[in-house]
Amino acid sequence: VQLQASGGGLVQAGGSLRLSCAASGRTFSNHPMGWFRQAPGKEREFVSSISSSGGSTYYADSVKGRFTISRDNAKNTGYLQMNSLKPEDTAVYYCAAPNRDYASASYYNRPDRYNYWGQGTQVTVSS
């Protein structure tokens, strides 16, 4: 699976952004998907994941209630709607997909459980 993340940008605190992850190369609907982020000097951090069908989702506590993950398998695209953004959300955001679909969305909360990564899109939240 080839993944291309887009939609990042500069936004004021309290604002919103929607990230997109366009997939190609394999049947997107066969793969769960996740979003991670990495701030300068920090490790890559789990944000959210979604099952292959979209019926199961999982969130990091830091974004629960503010971010919503979704997917449109007909368009081979995943999304991350980010509301009520905070300066601490500033990071490069990556979408990723594992090679196999054999667990619920909550299982895919670690970067080593993914095989395919997009190139990242910068999100900057100003205070």
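1. Cysteine 21 has 0% relative accessibility, so it counts as buried. Buried here is under 20% relative accessible area, exposed is over 50%, and partly exposed lies in between (1.4 Å probe, protein chains only). Cysteine 95 is also at 0% relative accessibility and therefore counts as buried.

2. A word on the source. This is a predicted model, where local features need pLDDT of at least 70 and side-chain atom pairs count only at pLDDT 80 or more, while totals for chains, interfaces and linings use all residues. Residues are numbered from 1 along each chain as its sequence is written, and side-chain values use heavy atoms, with hydrogens and water left out.

3. Cysteine 21 and cysteine 95 form a disulfide, with their sulfur atoms 2.2 Å apart. The cut-off for a disulfide is a pair of cysteine sulfur atoms within 2.5 Å. By that rule the count is one. The link between cysteine 21 and cysteine 95 is right-handed, with 70° about the S-S bond. Cysteine 21 sits in strand E3 and cysteine 95 in strand E9, so the pair ties together parts 74 residues apart in sequence.

4. The protein chain has zero helices and eleven strands. These are DSSP runs numbered from the N terminus: helices are H or I with at least four residues, strands are E with at least two. In sequence order the pattern reads β-β-β-β-β-β-β-β-β-β-β. The radius of gyration is 13 Å, close to the 14 Å that the globule rule gives for 127 residues, so the chain is as compact as a globular protein of that length. That radius is taken over C-alpha atoms, and the globule rule is 2.2 Å times the number of residues to the power 0.38. The C-alpha trace spans about 40 × 25 × 25 Å along its principal axes.

5. Now the core. The largest nonpolar core holds 34 residues. Such a core is a set of buried Ala, Val, Leu, Ile, Met, Phe, Trp, Tyr and Cys residues joined through side-chain atoms within 4.5 Å. Leu3, Trp35, Phe67, Leu80, Met82 and Tyr93 have the most contacts inside it. Elements giving two or more residues include strand E1 (2-6), strand E4 (33-38), strand E7 (67-72) and strand E11 (121-126). Strand E9 gives the largest share, five residues.

6. Buried residues make up 44% of the 127 in the protein chain. Among contacts (heavy atoms within 4.5 Å) between residues at least 6 apart in sequence, 58% join residues at least 24 apart.
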